[in-house]
Amino acid sequence: MSIEINVDLGDTLARLDSILQNVESGITSVEVATIDMMEDMVIMAEQIWDAQGPHIYETGVLRGSIHYEGSFPQFQFIADATNDRGQQYARWIEFGTSKMQAQPFMWPAVYEALAVHIPMIKADFQVAIKGER
């Protein structure tokens with residue numbers, strides 16, 4: 001006598017496919033939200049820099065050099081202003097020197113953007129995963 005066991009994974013595979021589609025949707029929403037966050041970091045750093053003014057040698061080069069590069073999921077937040085001797089001086093402004101007090105504008109922007117955007121990114125992803133979009 002033989003034993004026959006039939007296993008139908010049709011419904012299970014359909015549910016799994018639906019879950020995977022929701023995950024893909026969630027990743028897309030996270031990607032879009034992350035790009036928004038990077039754009040906000042640039043704006044926030046510019047606003048922080050402006051609020052610290054007036055600056056002694058204000059040429060606009062530092063403010064104009066604030067940007068981000070990369071693509072999801074790896075971005076770099078950059079200020080790469082260069083003086084007339086070819087030296088990148090944004091780090092001297094951000095962290096200070098032995099002769100000059102720090103005037104942070106990058107890290108405060110990062111912290112502020114993360115505080116605002118991470119809860120929104122998390123909520124968007126959770127909504128997408130549950131398939132409520």
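Val7 sits in the segment before helix 1, where helices (H or I, at least four residues) and strands (E, at least two) are DSSP runs numbered from the N terminus. Val7 is exposed, at 64% relative accessible area; exposed means over 50%, buried under 20%, and partly exposed in between, with a 1.4 Å probe and protein chains only. The model is predicted, so local features need pLDDT of at least 70 and side-chain atom pairs count only at pLDDT 80 or more, while totals for chains, interfaces and linings use all residues. Residues are numbered from 1 along each chain as its sequence is written, and side-chain values use heavy atoms, with hydrogens and water left out.

Val7 also belongs to a nonpolar surface patch of about 860 Å², together with Ile3, Ile5, Leu9, Leu13, Leu16, Ile19 and Leu20. Patch residues have over 30% relative accessible area and no salt bridge; nonpolar side chains (Val, Leu, Ile, Met, Phe, Trp, Tyr) are joined within 5 Å, and like charges within 9 Å. Accessible areas come from the Shrake-Rupley method with a 1.4 Å probe, and for residues only the protein chains shown count as cover.

I turn now to the charged pairs. Side chains of opposite charge can pair when their charged atoms come close. How many salt bridges does a search of the whole structure find? The search finds two, a salt bridge being a side-chain nitrogen of Lys or Arg within 4 Å of a carboxyl oxygen of Asp or Glu. In one, Glu46 pairs with Arg63, with the closest N and O atoms 4.0 Å apart. This pair links distant parts of the chain, 17 residues apart: Glu46 lies in helix 1 (residues 10-52) and Arg63 in helix 2 (residues 61-64). Glu46 counts as buried, at 17% relative accessibility, whereas Arg63 counts as partly exposed, at 30%.

Arg63 also forms a salt bridge with Asp50, the closest N and O atoms being 2.9 Å apart. Here again distant parts of the chain are linked, since Arg63 in helix 2 and Asp50 in helix 1 are 13 residues apart. Asp50 is partly exposed, with a relative accessible area of 42%. Through shared partners, Glu46, Asp50 and Arg63 are joined into one network.

Finally, I come to a pocket. Which element supplies the largest share of the lining of the second largest pocket? Helix 3 does, with four residues. Strand 2 (74-79), helix 3 (90-95) and helix 4 (106-129) each supply at least two lining residues; among the lining residues are Phe77, Tyr89 and Trp107.

Notes. On a 1 Å grid over the protein atoms alone, a cavity is a set of points where a 1.4 Å probe fits but cannot get out, and a pocket is an open set with protein on both sides within 12 Å along at least five of seven lines; lining residues have an atom within 4 Å of a point.
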